[in-house]
Amino acid sequence: MDREQVAALLAGAEGHVSGEEMSRKLGVTRAAVWKEIDALRRAGWPIESSTRKGYRLSGPPPALSGPYISAQLGRGSLFAGKVLVEPLVDSTNTRLKAMAAAGAPTGTALLAEEQSAGRGTHGRSFQSPKGDGLYLSVLLRPGPTRLQDLLTLTGWVGVAAREAAERASGAPVEIKWLNDLYLNGKKLCGILTEVSFLGESGEPDYVVAGMGINMNQTAGTFREQGLEDIATSLALEGYPVERNHLAVCLLRALEEMNGAFPAGREDYLERYRAHCLTVGRRVSFETGEGVRSGMAQGIDDYFALRVTEDGGGAHTVSSGTVKLL
């Protein structure tokens, strides 16, 4: 028996669960169960006890917890029982890709309290201090899928993450093309989606979709990083949210997305377009001839950005850096 098993029983119970029942399910003595409950309490878990009824979890744990998140998702969830939490990783995407290559199942989710080498698109680093954000990656195995559809997945993940953040916190989150979430004009979340293909057939092996959502940073935090004019957090904008709850909302949204992909593209496109702040703005964008500027006109049927260049040329931007002007 380990502490996580006791935590899982408490998190999955609809009310009180007796020490006798836990000892029977875990095959240990009641004294051993009590020892682990005492340890959880000392770690900050809000566990109530009743002489006649047993133990009950009265609220979320003080830190991210895989058993708690799995219990909130429910047994039928794609991610239930496969939510892993690490205190420190280099990058949740990097670590989960290694696990995927070793055979980890679809629906594996990796969360970290802190990242030492968080990654964004184009090799950019992502600040991931302990306790300030939610750093989460999920592993999906979509099966035989057209490459054209796979290349839209970052847009799908953007829709899922935007809706989850809004559902959890109430914040009016928007999408900046292609893979950033913004709140009140500043960056709230970065998304990195990576696809691996089977060498023999060229079919997709797995997708790892990762994100880092700023939750608890203060104005001083961003000032120290030189990001005060660029980034923001949910708490800083007045939308504080508990991290386990945000993780549950994200995983539910990603599970819905996985079930809809790729047949539900029109629906996700509509939801993307409705909250894309880039459309109607002047932007700079990369072309084979260098950086150009123009007006973002809309999102095409495969999540690419349609831009009219200053001077009249039309461009469809499917990759590269796009900046708001």
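In the predicted model, Cys189 is buried, with a relative accessibility of 1%. Its sulfur lies 14 Å from the closest cysteine sulfur, that of Cys249, which is too far for a bond. Cys276 is likewise buried, at 9% relative accessibility. For Cys276 the closest cysteine sulfur is that of Cys189, at 15 Å, and this distance is also too far for a bond. With a disulfide requiring sulfur atoms within 2.5 Å, the count of disulfides is zero.

Helix α10 spans residues 265–274 and has Arg265, Tyr268, Leu269, Arg271 and Tyr272 as buried residues. These residues lie on the same side of α10, because they cover an arc of only 165° around the axis. An α-helix has 3.6 residues a turn, so residues three or four places apart point the same way. Glu270 and Ala274 are exposed on the other side of α10. The cover over the buried residues of α10 includes helices α6, α7 and α9 (243–260), together with strands β8 (174–176) and β13 (290–299).

The structure contains 18 salt bridges. One of them joins Arg271 to Asp267, with an N to O distance of 2.6 Å. The two residues are four apart in α10 and therefore separated by about one helical turn. Arg271 is buried at 18% relative accessible area, whereas Asp267 is partly exposed at 38%. In helix α7, Arg162 and Glu166 are also four residues apart, a separation of about one helical turn, and their side chains form a salt bridge of 3.2 Å, N to O. Here Arg162 is buried, with a relative accessible area of 4%, and Glu166 is partly exposed, at 29%.

A further salt bridge, of 3.1 Å from N to O, connects the side chains of Arg146 and Asp149. Arg146 is partly exposed, at 46%, while Asp149 is buried, at 7%. Both residues belong to a network of salt bridges that also includes Arg265 and Glu266.

A nonpolar patch on the surface is formed by Leu147, Leu151, Val195 and Phe197, which together have about 370 Å² of accessible area. Leu151 is classed as exposed because its relative accessibility is 63%.

Glu309 belongs to strand β14, residues 305–309, and is buried, with 16% relative accessibility. Apart from neighbours within four places in sequence, the contacts of Glu309 are Phe285, Arg292, Ser293, Gly294 and His315.

Methods:
Residues numbered from 1 in each chain as written. Predicted model: local features only at pLDDT ≥ 70, side-chain atom pairs only at ≥ 80, totals over all residues. Heavy atoms only, no water. Patch = residues over 30% accessible without salt bridge, like charges linked within 9 Å, V, L, I, M, F, W, Y side chains within 5 Å. Areas by Shrake-Rupley, 256 points an atom, 1.4 Å probe, with all protein chains shown as cover. Salt bridge = Lys/Arg side-chain N within 4 Å of Asp/Glu carboxyl O. Buried < 20%, exposed > 50% of the residue type's maximum accessible area, 1.4 Å probe, protein only. Contact = heavy atoms within 4.5 Å. Arc of directions from axis to C-beta.
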